[in-house]
Amino acid sequence: MAVRTILHYPDPRLREKALPVAEINATIKQLVDGMAETMYAAPGVGLAATQIGEPHRIFVIDTAGEDEPSDLKVFINPEIVASDGKITWEEGCLSFPSVTEDIDRKARVRVRAQDREGKAFELDAEGLLAVAVQHELDHLDGVLMIDHMGALKKRIVDRKMRRREPQRPQPSR
Ligand code: NI
């Protein structure tokens, strides 16, 4: 599976609401593998399927530091089943290159999902992992970091992103 093109704002496909994955078959596993490869190549901490134009409820996250072994987490049909506390985190997004924003999130979340093999699991997350889960879950509902910004910054970021060079599709390998 090749590295995929990551869509940038304001691509309308980023606004699609992803649909639940009914069956974790070979196609879905291939998609998951391609997402992980794409995230690592970027590099990024997380990637949602909608960011590569695949409207399925899947995201991948790896919050391991540069000097730590990789720790890929695959979330299929994720949902937050409990949360508490508040945290403000300076977030970035692969769909908004060189944009950051302080966003208020829940400090702790319990997420329920299926892994790449279809096995259900629950995970308690805090800190960066909790923030990443909420950020990627937003993507699956078509919600983007710009939606968390105040009116002025929203306008500046919107203009900046629209002035960028249009994306060229990458040749498939
Ligand atoms: Ni993002």
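Biologist: Is His8 buried or exposed?
Modeller: In this predicted model, His8 counts as buried because its relative accessibility is 17%, and buried here means under 20% relative accessible area.

Biologist: Where does His8 lie, and what is it in contact with?
Modeller: His8 lies in the segment before helix H1, which covers 26–41. If its neighbours within four places in sequence are left aside, His8 is in contact with Leu14, Leu94, Ser95, Pro97, Met161, Arg164 and Gln167.

Biologist: Switching to the metal, which residues are the protein donors of the nickel ion?
Modeller: The protein donors are Cys93 through SG, His135 through NE2 and His139 through NE2, and they lie 2.1 to 2.2 Å from the nickel ion. Along the sequence these donor residues follow the spacing C-x41-H-x3-H.

Biologist: And where do Cys93 and His139 sit in the chain?
Modeller: Cys93 is in the loop between strand S4 (87–91) and strand S5 (101–105), whereas His139 belongs to helix H2 (residues 127–140), so the pair, 46 residues apart, links distant parts of the chain.

Biologist: Are those two buried or exposed?
Modeller: Cys93 and His139 are both buried.

Biologist: What about Ser98, where is that and how does its backbone look?
Modeller: Ser98 is placed in the loop between S4 and S5, and it has a positive phi of about 60° although it is not a glycine. Ser98 counts as exposed because its relative accessible area is 66%, and exposed means over 50%.

Biologist: Zooming out, how many helices and strands does the protein chain have?
Modeller: The protein chain has three helices and seven strands, and read along the sequence they follow the pattern α-β-β-β-β-β-β-β-α-α. The radius of gyration is 16 Å, close to the 16 Å that the globule rule gives for 173 residues, so the protein chain is as compact as a globular protein of that length.

Biologist: And how many of the residues count as buried, as a percentage?
Modeller: Of the 173 residues, 39% count as buried.

How values were computed: Residues are numbered from 1 along each chain as its sequence is written. This is a predicted model: local features need pLDDT of at least 70, side-chain atom pairs count only at pLDDT 80 or more; totals for chains, interfaces and linings use all residues. Side-chain values use heavy atoms; hydrogens and water are left out. Helices (H or I, at least four residues) and strands (E, at least two) are DSSP runs, numbered from the N terminus. The radius of gyration is taken over C-alpha atoms; the globule rule is 2.2 Å times the number of residues to the power 0.38. Buried means under 20% relative accessible area, exposed over 50%, partly exposed in between (1.4 Å probe, protein chains only). Donors are N, O and S atoms within 2.8 Å of the metal (3.2 Å for Na, K and Ca); water is not among the atoms, so sites may look incomplete. Contact means heavy atoms within 4.5 Å.
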